[in-house]
Amino acid sequence: MAPLNSLETGEVGVVQALDGGRGFISRAAALGFTPGIEVAMVQNFRRGPLIVVVRDTHVALGRGEARKIQVGKLVDW
Amino acid sequence: MEQQKTITVALAGQPNTGKSTVFNVLTGLKQHVGNWPGKTVEQKTGSATYDGSTYRLVDLPGTYSLTANSPEELIARDFIIQEQPDVVVVVTDAAMLERNLYLVTELLPLSTPVIIALNMMDVAKQEGRPVDPRALEQATGIRVVPMVAAKNRGVKELLAVVHDFVHDGVEYAPDKPEVREDHRALLDDVQAQIAGSVPAPYPEDWVALKLLEGDKVVTEMMKENLDPARWAKVEGLLREYDDAQLAVAGGRYEWIERATRAAIERPKAGAITRTRRFDRIATHPVWGVFTMLGILIAAIVAAMAIGMPISMGIMNGISSLGSIVAPLLANAPAWISGLVIDGIIYGVGAVLAILAFLVIYFALFGLLEDIGYMARVAYVMDRAMRKIGLHGKSFLPLLMGFTCNIPAVMGTRVIETERARLKAVLLTPLVPCMAQTMMLTFFAPLFFGPGGATLVMVSLILGALAVMGLSGILLDRVVLPGERIGFIMELPLYHRPNFRTVGTYVWQRARQFLTRAGTVILAVAVGIWALSYLPNGDVETSILAAIGHALTPLGNLMGLNWRMLVALFTSFVSKEAALATMAVLLGAADTEAGLAIALQAAITPAAALGFLVTQMLFVPCLGTLGVIVEESRSWKWALAILAYLFVIAFALGILVYQVARLVM
C-alpha cells in the first residue's frame, strides 16, 4: 500500500483507504474515491498538484491531499 | 383544482452538469436572482408554465453531496427538508453519470420524489459512452428524461414528465441505496435507538444515515432531542465503527453500480479524449502557466480594445448632454444646474460607462468559464494562491483587478465556497487598477526622471501586491480562519460554448450591477458633488474643502497641502477623478503640461512619493465599493475594508515620505 502521489503517470491503482478529516473524506468520496475503486494517474510531475481519473472523472488534487489516499498498485494484485 | 396550484420544483445537480442551462431554458428571462436569506450564496428562482399549471422553479446551489460541511450543501438540503418541494429534478451529465448519481443517492432517502434529467447526451455519445435512459429508469425506478439542454432538446419533455408525475399520481417506489453490508446491523441499531425522537420534518432513516456519517448538524440535533441515556447508547454504537463514513459512501456507489450496469456502455480503454489532448498543455506545470497568461491577457486586451472606445464614447456623450442641458437650466438656481449636470448626469454617465466595460468582460470570461477552461486556470494557479490564503479560482478576479476592480469583484461569484468568496472580495480591491497605474505614469516622470520613474513605478506596483499578499495571509490566519477542505477539484470536460447560457449570465450580471451597485454609485456621486458645492457653490470654501483643511495635520505629516489631500479623497469617487480635481484645485491651466508645472511647484519629490504610495493603496473607488457591498451582502465588510485601506494607505504614505525626506 502506498500514497496516491507515488503512482507514476500512466499507472493504475486501487484505493485501499482514506486518511483525513471528515470534510476531506466526504468530498473525496463524493468525487468517487472509495475503497476498491480504480484510480489512473494522468499527470504526476513530482511537484505541484496531480491529475487522476477516477470513475470516469478527471480530478485534480494537491500532493498533501493525494498523500491521504492509500492505493495498491494494480500490478501487485 | 390542481390547475390552480403552483407546483414547486427544486433543481439540483453537481457542478458542471448544465444545471443553469436547464434552468435558463425552463424559465427564459422569467427569473429572479438574489441571495438565500442571510447568506452570501446566490439564489435563483423562476417560473414556467405547462398545460395550464404554473411551476415555481428553485435553483439549488450546485453541490457534490449533501453533507454539513459547506453553506451551499446545507442550503440545498434544508430547502428540500423544510420547504418540501413537490419534486426535485437532479440534472446529470450523461458522460459523468456514475459520479453525478452520487447526489441522487443523497436525495433518495429524503421524502421528496426525484426525477433525473439526463443532460449532455450528445457529449456522452461523442466521448464514446452513450447512456440508455430506459435501462437507467428500469434499474432505479426513477423517471429519467434525456436531454441536450444546450440545444434546447428534451427540456420541454422534462416539464411534461414533471406535470404527469405531479398530476397523475404515478407510483413512485425507487430502489433506495443501502449502507454497505458490514454496517447494516449498526444502522438498524442506531435507527432503533432514535425512533420516535426525530423532530419533524426530518425522515428517521435519513437521520440515522447521517449519524453514521458523523454529520455535525444532525449529530447536534439528535443530541438535543434524545434523552442522555439513549444518546450515550448511540454514541457507543458509533464509536465501535471508525469506517462508517466510507461504508455509507460505499453503499451509495453500490447502488450506482446497480443503476448503471445496464445503462452505460463501457468505453474503449485508453481512448484519448479531446479534453485530455488540450489539457496536456493547459495543465502542464510550465506550459500551462504560459497558455493561461496568453489566453487571459488576450481576453483582457480584447475587452479593453472593445470596451474603452465605448466607455469613452459614453463619457463624451455625457459631456455633450451636459452642454445641451446647461443652457436649458440657465435660469434655474445655480445649485439645481450643478446638481443635475455635475451630480446626476455625471453619476449616471459613470455608471453606464462602467457598465459597457462590464458587459464585455462578463461575455469574454463567461465564455471561458462555459467551455470549461477556467477550471484549468484554477488548477495552474492554486499553489501560488494558497500561499496568500486564497485558492486557484480566486486568481482570475485578482488578475482582472489590474484593469478595473469593479468587474473583478463581481467576478468572485464563480468561487464555490462562501468563505473563499468573501476573502477574494476583500482582497481584490488591493490590486492596483489601471486608473491608479495611469496616475502613476503621469506623476512619476515629473519628479523622478525617466530612469527613476520606472523604478518607482515597478516598486510601487510590486509593493501594492506585497501588501495584498500580506493582507491575504492576515485575513486567512486572523480574521477568517476556517476549515479548509484542501485542494481537490473536478476538471470538467471541455465542451462547446452555449451562447444562450453566456448571454443570460451577462444579462443577469448587468442587471444586478445597475440596480444595486449602480444606485450606490449614483447616490455617492451626488453626495460628493453636494459636499464640494455647499454651502456657497465655490469649491474653495465648500464642506469638502473644510474637511481638507481639518485634515491639515495629516497633510503635514505627508508634506501635502489641503488641495492635494482633497484630490486624494476625490479618488474615492473615481480614480480618474483625482487628476481632474487636482487640476481644478491647483488652478492649473487646462492642459496636461499646465498641471505638470503646477504639481511640481506644489510638492517636493519626497511628498510625491508619499502621495503615490497612499494613492496606490487608497480606498476602493465608488464603483468597487458598490460591488463590494453587493457581493459581501453587508456594509460591514465594505466599511471594514475602507477603514483598513485608509489606515494602511496613510500609514505607509507617511512612513515613505518621512524616510524619503531624509534621503532625498
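**Strand β6 of chain B and its sheet**

In β6(B), Leu118(B) is the bridge partner of Thr92(B). The chain passes from β5(B) to β6(B) by way of helix α3 (residues 97-107) of chain B, in a right-handed β-α-β crossover; right-handed means that, with the strands pointing away from the viewer, the path from the first strand over the helix to the second runs clockwise. This is a predicted model, in which local features need pLDDT of at least 70, side-chain atom pairs count only at pLDDT 80 or more, and totals for chains, interfaces and linings use all residues. Residues are numbered from 1 along each chain as its sequence is written, while chains are lettered from A and ligands numbered from 1 in the order in which they are written.

Strands (E, at least two residues) and helices (H or I, at least four) are DSSP runs, numbered from the N terminus. Two strands pair if DSSP finds at least two bridges between them. β5 (residues 87-93) and β6 (residues 114-119) of chain B are parallel, with 6 bridges. Within this pair, Val91(B) lies opposite Ala117(B) of β6(B). Ala117(B) also has Val145(B) in β7(B) as a bridge partner, and β6(B) and β7(B) run parallel, joined by 4 bridges.

Of the 6 residues in β6(B), 5 are buried, that is, 20 or more other C-beta atoms, placed from the backbone, lie within 10 Å of the residue's own.

These strands belong to an open sheet of 7 strands in chain B, with mixed pairing and the order β2-β3-β4-β1-β5-β6-β7. β2 (31-35) and β7 (143-146) of chain B are the edge strands, each with a single partner, so one side of each has no neighbour in the sheet.

Methods. Buried ≥ 20, exposed ≤ 12 C-beta atoms within 10 Å, placed from the backbone.
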